[in-house]
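Have a look at the model first.

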Amino acid sequence: MKKCLAFVFISLVCYSVFAQEKVIKLASLDWEPYIGKSIPNNGYVAQIAVEAFKTQGYKVEIDYLPWARAVDESKLGSYDGLFPEYMDETRKPDFVYSDSFKGGPVGFMKRKDKKIATTKLEDLKSFTIGTVRGYVNTTEFDNAKFLKKEEAVDDETNIKKLNANRIDLIVIDKYVGMSIIAKKFPTYRAEMEFMEPALEEKPLYICFSKKAPNYQEKLQAFNSGLKEITKNGTLAKILKEFEE
């Protein structure tokens, strides 16, 4: 009987350790409609991560932080990774990128009463452009040192500054901008517009920290899971619900 109880105890300990090893901790931000604490299923980006890792036996835990902090803490290995992220070569010394999944259009938003038209970035030298601290935008824009850029802590702050004419333009994901305005600043809707065409249609990624334990294994788990949910139709179902 004692031997039996000892075996059960050891089995439970082993199971507990195994279960702990199968948790993925990711840092993110409130970035609706893609991901956020207060939207159904935390948004389609969170759903993709959860469903992909589930196929490989992992549970996902997400902490929502200011983006610059999410980047810094993930870089140190406090999290297995951060998401959603755009491709950026400067991140690669500290992170490895997953396979990509659907993102959205990134470009400029302005007030409708501002007469700003452009076919190239050089046309914008005289304007102040709002960016978000820690965000990757497009390679061309981020490398354009000749532009006057002003950082803010988040997209919401930039939209408020834009409305108050404190800046001339902001760089933002089109759907993020529309979501923030609809939810928090509906009176701005008649005043703001996204400038077409977008600078770029940006796919999204999970960045896995090279300082996190077994990061290559976790990277492979997500990539394998993403292939699985693509094949079995789960991904298409998630995206269809988002588009509706």
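Q: Which residues are linked with Arg111 in a network of salt bridges?
A: A salt bridge here is a side-chain nitrogen of Lys or Arg within 4 Å of a carboxyl oxygen of Asp or Glu. By that rule, the residues networked with Arg111 are Asp113 and Glu191.

Q: What are we looking at, and how are residues numbered?
A: This is a predicted model, where local features need pLDDT of at least 70, side-chain atom pairs count only at pLDDT 80 or more, and totals for chains, interfaces and linings use all residues. Side-chain values use heavy atoms, with hydrogens and water left out, and residues are numbered along each chain as its sequence is written, from 1.

Q: How many salt bridges does the rule give?
A: Side chains of opposite charge can pair when their charged atoms come close. Applied here, the salt-bridge rule gives a count of 18.

Q: Are Arg91 and Glu85 buried or exposed?
A: These two form a salt bridge, with 2.8 Å between the closest N and O atoms. Buried means under 20% relative accessible area, exposed over 50%, and partly exposed in between (1.4 Å probe, protein chains only). On that scale, both Arg91 and Glu85 are buried.

Q: Which helix holds Lys174, the salt-bridge partner of Glu196?
A: Glu196 and Lys174 meet through their side chains at 2.8 Å, N to O. The pair links distant parts of the chain, 22 residues apart, with Glu196 in the loop between strands S9 (192-194) and S10 (200-209). Helices (H or I, at least four residues) and strands (E, at least two) are DSSP runs, numbered from the N terminus. Lys174 itself lies in helix H6.

Q: Which side chain of opposite charge is nearest to Asp155?
A: Asp155, in helix H5 (residues 155-163), is buried yet has no salt bridge. Lys and Arg count as positive and Asp and Glu as negative, while His and the chain ends are not counted. The nearest side chain of opposite charge is 10 Å away, and it belongs to Lys184.

Q: Why does H2 count as roughly perpendicular to H7?
A: Helix H2 (residues 44-54) packs against helix H7 (residues 215-231) with axes 7 Å apart. Axes are lines fitted to C-alpha atoms, for helices over the stretch in contact, and angles run from 0 to 180 degrees between N-to-C directions. Angles under 35 degrees count as roughly parallel, over 145 as roughly antiparallel, 65 to 115 as roughly perpendicular and the rest as oblique. H2 is roughly perpendicular to H7 because the angle is about 100°.
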